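Please keep the sequence and the structure in view while reading.

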Amino acid sequence: MAAAPRTGDWAPGRPDFALIALAAALTITGLVVVWSASFVIGLARFGDANYYIFRQFIWAIAGTILMVVAMRIDYHIYRRYAMPIMLITIFMLIAVLVVGVEGNGARRWIGAGDLTIQPAEFAKLTVILYVAAWLQSKGPEQVRTWEGGLIPFVIIIGLVATLIILEPSLGTTMIILVITVTMFWVAGASLVQMFALGAAGLLAVVMLATLQGYRADRLTGFFHGEADPRGHGFQTLQAVMAIGNGGWNGLGLGASRGKFFYIPESHTDGVFAIIGEELGFIATVAVLGLYILLMIRGYQVARRCRDDFGMLVAAGITTWITAQALLNIGGITRVIPLTGVPLPFLSFGGNALAAVMLAMGVLISISRHQDRGAYDDPDAAAHHRRIVRRRRA
């Protein structure tokens with residue numbers, strides 16, 4: 001059947017099975033690692049070694065359903081409803097600050113008991129959809145202007161970032177900034193605009209990181225952890241030691257010592273250290289390899305996409321997963337200061353897992369409409385070449 005020349009009229013093809021396989025591999029790996037990393041803390045807190053893995057398994061099922069549904073929906077529909085979805089997200093983020101559930105000094109959840117939702121996790125996808133629709137409506141020429149491109153962009157992202165930083169969650173805010181700035185660049189922003197965004201963003205992150213007490217402690221632990229090994233440097237040093245203890249092949253699944261309360265929240269932020277200690281250097285490289293493959297496949301979907309909206313959404317989702325993985329792994333290995341963000345697919349956290357699997361469903365949906373090398377219809381082929389030339393202009 002000949003492809004139609006108008007964006008959104010192409011019949012969907014096969015999904016990118018490599019993305020499906022990568023999502024499945026990471027999710028299954030996450031379930032195994034969460035089980036191993038959480039049974040000690042589950043026994044200590046709730047008297048149930050399976051407390052955390054049971055909940056993670058339920059969320060994995062829910063996330064799988066969301067992914068399958070999303071991959072079967074034509075992604076163009078999100079462009080039509082991007083504004084209402086964004087308004088609902090802003091309302092939810094405000095509600096968190098007003099009636100949200102507080103825990104560990106932060107107010108990030110809505111609900112009660114086990115039935116809680118963390119809007120900031122789903123806000124990553126919402127922001128991607130809205131910014132993609134907004135940038136696509138502007139076009140590269142207007143994006144490069146300050147009054148029509150940069151200034152409105154900063155206002156939009158600044159509003160969401162402010163609501164999330166008030167929870168507070170600097171890590172999530174940083175991820176959203178990385179995602180949206182990358183999308184702004186892909187949409188055709190100029191080097192001057194990117195330099196201005198980079199300088200302003202770096203200044204804001206430094207100020208936020210140094211003004212809040214616990215964030216300043218993370219910086220102290222990063223730069224001077226050895227000076228206070230039982231205080232500010234405890235988490236950083238214990239994570240690095242756990243990875244070192246694993247050597248090449250690891251101590252064996254379930255044999256970690258760090259999860260016995262040496263690595264705080266070993267089943268969430270510190271799960272990569274448990275992988276290194278139990279399964280060794282080879283396993284950590286394999287996990288990194290899965291993320292790298294996902295990054296490559298995701299950006300390939302973006303490059304081959306037939307319309308700007310899909311291209312921007314694919315680039316945003318891929319940047320989200322890649323940046324969050326790098327921030328988590330970088331903090332655990334002491335390449336950068338700890339950020340407190342979960343490792344996508346692998347860390348315990350139902351909302352985080354469901355949100356990232358939903359995003360993968362959207363990415364796979366986009367892959368069903370991508371350019372696979374040739375078109376039967378010359379008009380459709382010419383239309384695609386015009387899109388590619390406009391992106392490169």
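## Helices α5 and α7

The crossing of α5 and α7 is right-handed, a term used when the near helix is turned clockwise from the far one by less than a right angle. Helices here are DSSP runs of H or I with at least four residues, numbered from the N terminus. The axes of α5 (residues 119-143) and α7 (residues 170-186) come within 9 Å and cross at roughly 25 degrees, where axes are lines fitted to C-alpha atoms over the stretch in contact and angles run from 0 to 180 degrees between N-to-C directions. That angle makes α5 roughly parallel to α7, since angles under 35 degrees count as roughly parallel and those over 145 as roughly antiparallel.

Contact (heavy atoms within 4.5 Å) involves residues of α5 including K124, V127 and V131, and residues of α7 including I175, I179 and F184. The contact residues divide into 12 nonpolar, 2 polar and 1 charged; Ala, Val, Leu, Ile, Met, Phe, Trp, Tyr, Cys and Pro count as nonpolar, Asp, Glu, Lys and Arg as charged, and the others, Gly among them, as polar.

## How the model is treated

This is a predicted model, in which local features need pLDDT of at least 70 and side-chain atom pairs count only at pLDDT 80 or more, while totals for chains, interfaces and linings use all residues. Residues are numbered from 1 along each chain as its sequence is written, and side-chain values use heavy atoms, with hydrogens and water left out.

## Helices α1 and α11

The axes of α1 (residues 17-46) and α11 (residues 271-304) come within 10 Å and cross at roughly 160 degrees, which makes α1 roughly antiparallel to α11. Among the residues in this contact are L22, L26 and V33 of α1, together with I274, L290 and R297 of α11. By class, the contact of α1 with α11 has 14 nonpolar, 2 polar and 2 charged residues.

## The second largest pocket

About 590 Å³ of space lies in the second largest pocket, where a pocket is an open set of points on a 1 Å grid over the protein atoms alone, with protein on both sides within 12 Å along at least five of seven lines, and lining residues have an atom within 4 Å of a point. Grid points are joined across faces, edges and corners, and a volume is the space filled by probe spheres set on the points. Of the 23 lining residues, the closest to the centre of this pocket are L177, L197, A200, G201 and A204. Helix α8 gives the most to the lining, with 9 residues, and the lining divides into 17 nonpolar, 6 polar and no charged residues.

Definitions and conventions: Helices (H or I, at least four residues) and strands (E, at least two) are DSSP runs, numbered from the N terminus. Angles under 35 degrees count as roughly parallel, over 145 as roughly antiparallel, 65 to 115 as roughly perpendicular and the rest as oblique. On a 1 Å grid over the protein atoms alone, a cavity is a set of points where a 1.4 Å probe fits but cannot get out, and a pocket is an open set with protein on both sides within 12 Å along at least five of seven lines; lining residues have an atom within 4 Å of a point.
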